[in-house]
Amino acid sequence: MNDDPAIQARGLTRQFGALTAVDHVDLTIPRAQIYGFLGPNGSGKSTTIRMLCGLLVPTAGAVEVLGHDATRESEKLRQKIGYMTQRFSLWEDLTVLENLRFIADIFSIPAAERGRRIETALAEYHLADRTQQRAGTLSGGQKQRLALATATLHEPELLLLDEPTSAVDPQSRRDFWESLFRLVGQGTTILVSTHYMDEAERCHRLAILDNGRLVAEGTPKRLVEDIDAVVIEVESDDIPGARAALSQVVEVKSIAQLGTRLHALLNRATQDPDKLVRRVFEQAGVSAKVELTRASLEDVFVAATLLGRNSNGGSQTRESGKRQ
Amino acid sequence: MISPAIAQSIGRIRAIAAKEFRQLARDRLTFGMVVGIPLIQILIFGYSINFDVRNIDAGVVDLANTSGSRALIADLQATQVIRLKEHLQSPGQLEARIASGDLSVGIYVPPDYERRKLDGDRTAVQILVDGSEPTIESVVRGIASPRLSSRAGMAAPDNRLIEVRTLYNPEKRTAVQIVPTLIGVILNMTMVLFTAIAIVRERERGNLELLITTPVKSAELMAGKIVPYILVGLIQTTLIIAVGRWLFDVPFSSNLLDLYLAACLFIAATLMLGLLISTMAVTQFQAVQLGFFTMLPSILLSGFMFPFDGMPVAAQAIAQVLPLTHFVELVRGIALRGAPIGSMPAPLLKLAAFLVIALVLAALRFRKRLD
């Protein structure tokens with residue numbers, strides 16, 4: 001198998017008027033892996049994916065996909081790429097079978113092959129009993145399975161999935177990821193964007209995007225180990241009091257509540273962060289259990305996005321739950 | 001043998017055409033419009049656009065009451081342009097009845113009609129016309145002038161009468177002139193709108209984002225979207241011809257094939273115009289607005305309604321850009337004068353040129369990108 005990366009981007013930039021949606025992103029995405037784009041809405045995930053499949057022209061930078069220039073040679077890539085849009089983009093007034101047949105014909109899958117592939121796809125994605133149903137009447141999970149079935153019908157080398165699970169229930173998401181791992185097992189490279197932490201955790205590699213910039217990149221495990229912060233967990237009966245006390249501390253960059261607990265991210269350089277916090281609570285008269293804890297991927301995400309933004313911001317504190 | 005690339009291309013066009021057709025068949029309202037719009041329009045147009053003005057309500061004041069004056073009134077009635085509704089006693093009454101809208105025309109024969117007729121210097125009969133209806137006014141002037149001008153009355157009144165009758169020959173019905181050109185007007189309305197929304201709709205529904213990441217080419221997409229509607233257009237053409245023949249007694253017998261050939265070319269041209277609109281509009285609403293925007297000039301300037309020669313130069317220039325102008329010219333030649341399609345190369349070439357230019361423009365405007 002080819003060992004060249006599936007996707008290589010250098011200084012990829014895209015502006016819409018005054019807005020810079022993607023800002024000098026460098027990417028190297030290896031083959032036969034699931035590579036995740038994690039980022040809040042508007043972080044540039046969709047714009048990046050659209051540039052990768054030639055739908056948008058980069059303002060600056062270059063991107064090579066499967067050995068082709070994604071902008072100038074986008075037509076050559078069509079047969080090799082499967083693209084699943086964020087919004088359901090199949091024809092709602094056509095049946096499941098008609099949608100599959102149409103896509104098969106558009107990709108010039110030979111008639112002899114067509115029937116077999118569609119049958120396999122129907123079985124694989126549990127749609128065999130829905131062939132005559134109009135796509136518009138399918139449930140969210142069924143629509144998503146149909147979308148993946150059509151996106152993989154021509155057996156693409158690279159699958160680009162733009163927030164594929166944003167409208168489906170947890171069980172459907174589990175099944176969906178099982179399908180993705182099966183495809184990767186067959187050698188397909190998958191790029192998936194998401195804002196779910198559990199999904200991000202399943203990826204082989206991950207890029208965290210924020211405001212169009214790539215703020216962290218690596219395997220989920222590595223990202224957790226390398227987090228640029230220390231995480232303190234606080235358990236208290238007086239959560240508002242604890243929160244108020246914490247927000248006065250210069251080193252605290254972010255506070256998030258998890259039930260009766262608080263997660264606080266502090267500067268990595270902080271000396272004895274747990275002692276510092278305990279001292280603060282003593283002074284404020286708040287009784288709380290304080291301990292250093294292992295970072296989660298969400299902490300990594302918060303550290304990479306919020307701390308990056310506030311690095312010059314002094315004691316200003318932002319809370320992860322209130323970001324839009 | 002055709003090359004595999006071309007075979008694949010044809011396969012993709014066929015797939016898109018089949019999909020469009022299926023969607024059209026499933027969209028009951030639109031499918032109903034395929035048949036409903038031409039039917040309703042030909043009925044409305046066929047009956048209401050009527051340039052033969054007949055049976056205009058008229059009143060008469062005949063103060064002479066001679067055999068000559070009675071004969072004149074009888075002659076006017078015989079044209080069928082006017083229908084004598086009332087006999088009144090004074091010109092004042094006549095004017096009042098016209099003012100109230102009960103009568104459109106008043107005929108006043110003065111007591112000294114016979115002497116005036118011989119005299120020749122003064123008008124013998126006065127006809128009052130409701131000027132608020134331009135067609136009526138011109139028609140009545142038409143029947144009046146040759147007969148009642150002083151000199152005409154002197155010279156050969158009978159000959160003049162015959163002359164006028166031929167002008168309003170009851171056999172020369174508007175339907176015969178109107179229905180063939182109606183094919184163009186109705187097709188122009190439906191075809192442009194069908195394709196004007198064809199691409200915008202897929203853009204709005206999100207289908208286009210998927211479609212443009214597939215190997216389908218712009219030109220294939222355009223072709224695949226036009227083919228089903230050419231069929232729809234031919235169905236509508238047949239419908240109009242059938243209704244025209246059955247309801248309005250329009251003879252379509254000669255060179256029907258030429259008529260269909262011209263219709264095919266015109267249908268393709270209007271569909272392309274619609275597609276061009278579809279590449280410019282961002283929403284379906286905009287597409288429909290733009291579609292309507294092309295419709296009124298087409299109907300007014302194409303020569304369908306008003307004689308082309310009477311238009312200002314600028315209007316004639318605009319008309320040249322509209323496919324309907326050339327189709328009206330073709331269809332009048334084929335259906336009314338019985339001319340073979342080959343004898344009218346100018347409108348044929350202009351329609352073909354429109355088709356090609358619109359195709360190129362649409363394909364250039366439609367790029368397989370989102371920005």
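1. Of the 371 residues in chain B, 40% are buried, and this figure, like the others in this note, refers to a predicted model. Chain B contains 16 helices and four strands. Among its contacts with a separation of 6 or more, 77% are between residues 24 or more positions apart.

2. Chain A can be described in the corresponding terms. Its 324 residues include 46% that count as buried, and it has 11 helices and 14 strands. Residues 24 or more positions apart supply 69% of the contacts in chain A with a separation of 6 or more. The C-alpha trace of chain A spans about 80 × 45 × 40 Å along its principal axes.

3. The contact between the two chains involves 23 residues from chain A and 20 residues from chain B. On the chain B side, α1 (4–26) and α10 (207–211) each supply at least two residues, and α1(B) gives the most, with eight residues. Sorted by class, the side of chain B that touches chain A has seven charged, seven polar and six nonpolar residues.

4. The largest nonpolar core has 168 residues, and those with the most contacts inside it are Leu160(A), Leu191(A), Ala269(B) and Met272(B). Helix α9 (residues 174–205) of chain B provides the largest share of this core, with 17 residues. A second, separate core has 21 residues, including Val60(B), Val61(B), Ala124(B) and Ile127(B).

5. An open sheet in chain A deserves a careful look, with six strands in the order β6-β7-β8-β3-β9-β10 and with mixed pairing. Because β6 (81–84) and β10 of chain A stand at the edges and have a single partner strand each, one side of each is left without a neighbour in the sheet. From one strand to the next, the twist averages 15°. Helix α5 (residues 140–151) of chain A packs on this sheet, where it touches β6 and β7 (158–162) of chain A, and its direction makes about 165° with that of β6(A).

6. Within that sheet, strand β3 (residues 34–38) of chain A and strand β8 (residues 189–194) of chain A are parallel and pair over five bridges, with Tyr35(A) standing opposite Leu191(A) in β8(A). Leu191(A) is also one of the residues with the most contacts inside the largest nonpolar core. Leaving aside residues up to four places away in sequence, Leu191(A) touches Ile7(A), Ile29(A), Tyr35(A), Phe37(A), Ile49(A), Leu160(A) and Leu161(A); of these, Leu160(A) is likewise among the residues with the most contacts in that core.

7. Helix α1 (residues 45–52) of chain A has eight of its eight residues buried. The buried residues of α1(A) include the charged residues Lys45(A) and Arg50(A), and also Ser46(A), Thr47(A), Thr48(A), Ile49(A), Met51(A) and Leu52(A). Just after α1(A), Gly54(A) has a positive phi of about 80°.

8. Two hairpins in chain A can be read together. In one, strand β9 (residues 205–210) of chain A and strand β10 (residues 213–218) of chain A run antiparallel and are joined by five bridges, with Ala207(A) opposite Glu217(A); two residues lie between these strands, and Asn211(A) in the turn has a positive phi of about 50°. In the other, strand β12 (residues 252–258) of chain A pairs with strand β13 (residues 261–267) of chain A in the antiparallel sense over six bridges, and Ser254(A) has Leu265(A) as its bridge partner. Here too there are two residues between the strands, and Gly259(A) in the turn has a positive phi of about 65°.

9. Helix α9 (residues 239–246) of chain A packs against helix α10 (residues 273–284) of chain A at an angle of about 115°, with the axes 10 Å apart, and the crossing is right-handed. Gly241(A), Ala242(A) and Ala245(A) in α9(A) meet Val280(A), Phe281(A) and Ala284(A) in α10(A). By class, this contact has five nonpolar residues, one polar residue and no charged residues.

Key: Residues numbered from 1 in each chain as written. Chains lettered and ligands numbered in written order. Predicted model: local features only at pLDDT ≥ 70, side-chain atom pairs only at ≥ 80, totals over all residues. Contact = placed C-beta atoms within 7 Å. Buried ≥ 20, exposed ≤ 12 C-beta atoms within 10 Å, placed from the backbone. Axes fitted to C-alpha atoms, helices over the stretch in contact; angles between N-to-C directions. Left-handed = near helix turned anticlockwise from the far one by under 90°. Core = buried A, V, L, I, M, F, W, Y, C linked by C-beta atoms within 7 Å. Pairing = 2+ DSSP bridges.
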